[in-house]
Amino acid sequence: MEQGKQQNFTYLVQCADGTLYCGWTNNLERRLAAHNAGKGAKYTKSRRPVVLKYYETFATKQEAMRREAAIKKLSRTEKLRMIVDAQKERKA
């Protein structure tokens, strides 16, 4: 997770109850800490802790927000498949 220059992230976290939450940020580590401190989002506040399962990096805020909107339209099964595929790629 390289955060040298300005980057924007679209991410998926898994909440303690097994649900998935998608969001975007320009500082992934700080955002995850906020979620786990109960300050990230209303949805995740009562579902802590959250664990990062997937993220993508973008040059602009607009790209990250567009990808967030697209991911939110996917089914849970499609989101889980994205996570599994990304894990396979990292191992390859």
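Me: Let's start with F9. Buried or exposed?
Reply: F9 is buried, with a relative accessible area of 1%. Buried means under 20% relative accessible area, exposed over 50%, and partly exposed in between (1.4 Å probe, protein chains only). Keep in mind that this is a predicted model: local features need pLDDT of at least 70, side-chain atom pairs count only at pLDDT 80 or more, and totals for chains, interfaces and linings use all residues. Residues are numbered from 1 along each chain as its sequence is written, and side-chain values use heavy atoms, with hydrogens and water left out.

Me: OK. How many residues of strand 1 are buried?
Reply: 6 of its 7 residues are buried, so strand 1 is mostly covered. Strands here (E, at least two residues) and helices (H or I, at least four) are DSSP runs, numbered from the N terminus.

Me: Which residues make up the largest nonpolar core?
Reply: That core has 9 residues: F9, Y11, V13, C15, Y21, L28, L32, A41 and V50. The largest share, 3 residues, comes from strand 1. A nonpolar core here is a set of buried Ala, Val, Leu, Ile, Met, Phe, Trp, Tyr and Cys residues joined through side-chain atoms within 4.5 Å. There is also a second, separate core of 8 residues, with L12, L20, Y54 and A86 among them.

Me: Which strands does strand 1 pair with?
Reply: Strand 1 is joined to strand 3 (residues 51–58) by 7 bridges and to strand 2 (residues 20–25) by 6 bridges. Both pairings are antiparallel. Two strands count as a pair if DSSP finds at least two bridges between them.

Me: Which residues face each other?
Reply: On the strand 3 side, F9 has T57 as its bridge partner, and T10 has E56. On the strand 2 side, V13 stands opposite Y21. The hairpin of strand 1 and strand 2 has 5 residues between the strands, and G18 in this hairpin takes a positive phi near 90°.

Me: What's the order of the sheet?
Reply: The order is 2-1-3, in an open sheet of 3 strands with antiparallel pairing. On average, neighbouring strands are turned by 20° against each other, direction ignored.

Me: And what lies across the strands?
Reply: Helix 4 (residues 76–91) lies across strand 1, strand 2 and strand 3, and runs at about 80° to strand 3. Contact means heavy atoms within 4.5 Å. Axes are lines fitted to C-alpha atoms, for helices over the stretch in contact, and angles run from 0 to 180 degrees between N-to-C directions.

Me: Switching topic: how many aromatic pairs?
Reply: The count comes to 3 aromatic pairs. One of them is F9 with Y55, an edge-to-face pair with 6.0 Å centre to centre and 65° between the planes. This pair links distant parts of the chain, with F9 in strand 1 and Y55 in strand 3, 46 residues apart. Y55 counts as partly exposed because its relative accessibility is 32%. Rings of Phe, Tyr and Trp (its six-membered ring) pair if their centres lie within 6.5 Å; planes under 30 degrees apart count as stacked, over 60 as edge-to-face, and the rest as tilted.

Me: Why is the pair of Y11 and Y21 tilted?
Reply: The planes of Y11 and Y21 stand at 50°, with the ring centres 6.5 Å apart, so the pair is tilted. Y11 sits in strand 1 and Y21 in strand 2, 10 residues apart. Both are buried: Y11 has a relative accessible area of 0%, and Y21 has 15%. Together with Y43, they form one aromatic cluster.

Me: What else does Y11 touch?
Reply: Leaving aside residues up to four places away in sequence, Y11 also touches residues including W24, L28, R31, H35 and L52.

Me: Last one: how many disulfides?
Reply: The structure holds 0 disulfides, where a disulfide is a pair of cysteine sulfur atoms within 2.5 Å. For C15, the nearest cysteine sulfur is that of C22, 12 Å away. C15 counts as buried because its relative accessibility is 4%. C22 is in no disulfide either, and C22 is also buried, at 4%.
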